[in-house]
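Dear colleague,

I am handing over the structure below, and after it you will find what was found there. Please read the notes alongside the model.

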Amino acid sequence: ESIYEVIGTERDYVHDMRLIDTIFVEPLLRRDDIIPANTVGAKIWEIFYNYSEALQINDRLCAALCSLQEKHHTMPGIGGPFMEWTKNLEPLVAYSVHVPEAQAEIECEMARNPEFAKFVADAESHPDSRKLPLQSFVGRPAARLARYTLLLDAVLKHTPADNPDRALLPVVISKVKDVLARIDRLTGERANYVRIKKLRAQLKSGSGFDVRALCLDDPKRKLVHGGLLYQSDGQRVMTFLLDHVLLFAAEHKVAHAKGVSEYTVLREPVPIHLLDVISSADSAGGHSGHQSGGTATVGRRMLTRAGLLRPNTVASSLGGTSGSSGSPLPSCATPITFHKLGPNGWSQLLLAGNAQEREQWVEVVRKRIAADDMGLALDIALKPLSETDFIAPNAPLCSASFRSPTTGCMMVMFGAMDGL
């Protein structure tokens with residue numbers, strides 16, 4: 001029964017992979033009203049990659065297994081065909097590593113191309129597709145590869161001790177596990193690139209901020225963390241922590257593309273070097289008492305980032321999607337406050353879905369702040385002017401001399417709690 005399950009599911013898998021040709025690829029090539037003829041080949045490669053090469057590998061395996069089944073009333077074993085199959089798994093590795101990028105590209109193309117979105121919806125309603133989304137077909141080879149260890153383990157469990165499969169199947173399983181580990185590693189290395197590429201396509205300018213200023217096409221750009229937070233009225237705020245800014249955005253469903261979203265910037269992003277975060281678990285006795293995400297060294301004193309907040313810093317509202325109503329807040333929602341430091345600073349109170357999500361946000365933000373502070377420390381040296389002779393809150397903390405470009409006089413710039 002275990003052997004028959006392997007063969008039956010292999011036959012189903014090969015059938016589904018052939019549907020990529022008949023339902024998706026061939027119609028796209030025949031029509032030029034969906035994707036222009038001069039770019040359709042490149043788009044098919046972006047989405048389906050080397051699917052035909054991956055299909056050929058399993059087509060041969062399926063044929064060998066079915067041939068054995070036809071020749072023997074009782075199957076002697078399946079180790080031979082699988083050993084032959086493991087000799088050329090590199091196309092499957094390449095395909096599987098590309099799957100997340102392909103799935104992201106499907107969403108991006110659906111968002112920017114209504115004709116493609118309609119084509120995908122029509123193709124998914126084809127009787128043979130069983131209403132499965134295109135992303136499911138694209139992900140089938142990776143999912144199938146991961147399932148082999150379970151299927152072959154079940155066969156091995158029922159294989160007699162004197163059967164050749166007793167020696168062959170453990171070798172096959174070991175090779176598959178090695179391949180899966182390599183796919184996981186390579187996929188992880190590409191994960192940030194895929195997330196940034198998807199965000200670049202989904203993010204739209206708003207609140208007077210041009211998203212091009214984020215330089216998301218910079219190869220060094222990183223998406224550190226992202227997720228859903230809430231305003232107190234239930235408005236949903238998609239929040240993204242990049243390597244250089246914290247970004248708040250409103251999510252909009254793309255009307256012509258099922259399951260695809262876009263994000264509009266709600267306010268100018270906060271640079272990491274002007275960012276701080278406080279959770280309700282921190283000290284409630286004012287800003288200065290909490291365990292800050294970063295500190296500045298001034299002489300022998302350590303100033304918390306919150307100590308750099310202006311006294312008139314006030315909480316603000318991000319607003320929301322025009323005409324939208326807030327969602328019900330999660331029952332375990334817990335507050336988290338983001339601060340923009342400096343003379344034009346502000347505070348933004350949001351709610352995480354639960355305490356665990358909040359602490360995760362606090363942890364990743366503070367780690368990023370600390371990393372940024374370490375980078376700044378390499379370039380900036382602060383020298384105390386005085387620790388006793390001036391009255392807070394305007395006591396100078398540091399100074400720098402410079403020559404006036406207009407008068408030629410030597411001048412001194414003072415850095416105080418309230419700014420420069």
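A pocket here is, on a 1 Å grid over the protein atoms alone, an open set of points where a 1.4 Å probe fits, with protein on both sides within 12 Å along at least five of seven lines, and its lining residues have an atom within 4 Å of a point. Grid points are joined across faces, edges and corners, and a volume is the space filled by probe spheres set on the points.

This is a predicted model, in which local features need pLDDT of at least 70 and side-chain atom pairs count only at pLDDT 80 or more, whereas totals for chains, interfaces and linings use all residues. Residues are numbered from 1 along each chain as its sequence is written, and side-chain values use heavy atoms, with hydrogens and water left out.

The second largest pocket holds about 270 Å³ of space. Its lining comprises 15 residues, of which Met 110, Val 120, Glu 124, Pro 133 and Lys 258 are the closest to the centre. Two or more lining residues come from each of α5 (90-112) and α6 (114-124), helices being DSSP runs of H or I with at least four residues, numbered from the N terminus; α6 gives the most, with 4 residues.

Asp 16 lies in helix α1 (residues 2-30) and counts as buried (under 20% relative accessible area, 1.4 Å probe, protein chains only) because its relative accessibility is 4%. Leaving aside neighbours within four places in sequence, Asp 16 is in contact (heavy atoms within 4.5 Å) with Arg 130, Phe 137 and Arg 140.

Best regards

Technical notes. Buried means under 20% relative accessible area, exposed over 50%, partly exposed in between (1.4 Å probe, protein chains only).
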